[in-house]
Amino acid sequence: MDHSAATPPYEQLRSQIAEQARAGVLPAGLKLPTVRALAEQLGLAANTVARAYRELEADGVVETHGRRGTLVAATGDSAHRLATTAAVEFAERAQRLGVTRDEALAAVSGALDLVYGKSGESGESGTD
């Protein structure tokens, strides 16, 4: 964790776990530490770790199984599937709002530039 970075600690943790899961460093089915244990280990508040875990679960990167704990999900193509679903939802909403195709593309392009930067790189903060 880079405590001096502009990126909040929960987002640093979320992006690091997501990247490690995508790269196979954290294999599917691996049990992650409890929120309390990871918070202690990293010197973070439990709520910070809990928020990162919630966002990872919403993104399909991890699954929470009550007493069995939080496990790395078998993601396969889930990131691409979720991105496609979000893109379709955006396109349908833009059409309902009366936005032209070119205006919708410009909005997406601007949003991607904002998130990924003008260079089109991955958008990861590199704060491993």
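This is a predicted model: local features need pLDDT of at least 70, side-chain atom pairs count only at pLDDT 80 or more; totals for chains, interfaces and linings use all residues.
Colleague: Which residues of H1 and H3 meet?

Modeller: From H1, they are Pro9, Tyr10, Glu11, Leu13, Arg14, Ile17 and Ala18. From H3, they are Thr48, Val49, Arg51, Ala52, Tyr53, Glu55 and Leu56. By class, this contact has 9 nonpolar, 1 polar and 4 charged residues.

Colleague: What makes H2 and H3 oblique to each other?

Modeller: The axes of H2 and H3 cross at roughly 120°. The perpendicular class stops at 115 degrees, and the antiparallel class needs over 145. An angle of roughly 120° falls between those limits, so H2 and H3 count as oblique. Here too the axes come within 8 Å. H2 passes H3 in a right-handed crossing.

Colleague: What is the class make-up of the contact of H2 with H3, and which residues make the contact?

Modeller: Val35, Leu38 and Ala39 of H2 meet Ala46, Val49, Ala50 and Tyr53 of H3. These divide into 7 nonpolar, no polar and no charged residues.

Colleague: Which residues have the most contacts inside the largest nonpolar core?

Modeller: They are Leu13, Ile17, Leu32, Val49, Tyr53, Leu56 and Val61, in a core of 17 residues. H1, helix H2 (35–42) and H3 each supply at least two residues of this core. The largest share, 5 residues, comes from H1. In soluble globular proteins, nonpolar side chains tend to be buried together.

Colleague: What is isoleucine 17 in contact with, leaving aside its neighbours within four places in sequence?

Modeller: Isoleucine 17 touches Leu26, Leu32, Tyr53 and Leu56.

Colleague: Why is threonine 70 put in its burial class?

Modeller: Its relative accessibility is 10%. Buried means under 20%. The value is under the cut-off, so threonine 70 counts as buried. Threonine 70 lies in strand S2, residues 70–72. Leaving aside neighbours within four places in sequence, threonine 70 is in contact with Leu30, Lys31, Leu32, Tyr53, Val62, Glu63 and Thr64.

Colleague: What makes proline 8 partly exposed?

Modeller: Proline 8 has a relative accessible area of 35%. Buried needs under 20%, and exposed needs over 50%. The value sits in between, so proline 8 is partly exposed. Proline 8 lies in the segment before H1.

Colleague: How far apart are proline 8 and threonine 48, in sequence and in space?

Modeller: They are 40 residues apart in sequence. In space, the C-alpha to C-alpha distance is 9.1 Å.

Colleague: What share of the protein chain counts as buried?

Modeller: Of its 128 residues, 23% count as buried.

Colleague: What share of the contacts between residues at least 6 apart in sequence joins residues at least 24 apart?

Modeller: In the protein chain, that share is 49%.

Terms used. Residues are numbered from 1 along each chain as its sequence is written. Side-chain values use heavy atoms; hydrogens and water are left out. Contact means heavy atoms within 4.5 Å. Helices (H or I, at least four residues) and strands (E, at least two) are DSSP runs, numbered from the N terminus. Ala, Val, Leu, Ile, Met, Phe, Trp, Tyr, Cys and Pro count as nonpolar, Asp, Glu, Lys and Arg as charged, and the others, Gly among them, as polar. A nonpolar core is a set of buried Ala, Val, Leu, Ile, Met, Phe, Trp, Tyr and Cys residues joined through side-chain atoms within 4.5 Å. Buried means under 20% relative accessible area, exposed over 50%, partly exposed in between (1.4 Å probe, protein chains only). Axes are lines fitted to C-alpha atoms, for helices over the stretch in contact, and angles run from 0 to 180 degrees between N-to-C directions. Angles under 35 degrees count as roughly parallel, over 145 as roughly antiparallel, 65 to 115 as roughly perpendicular and the rest as oblique. A crossing is left-handed if the near helix is turned anticlockwise from the far one by less than a right angle, and right-handed if clockwise.
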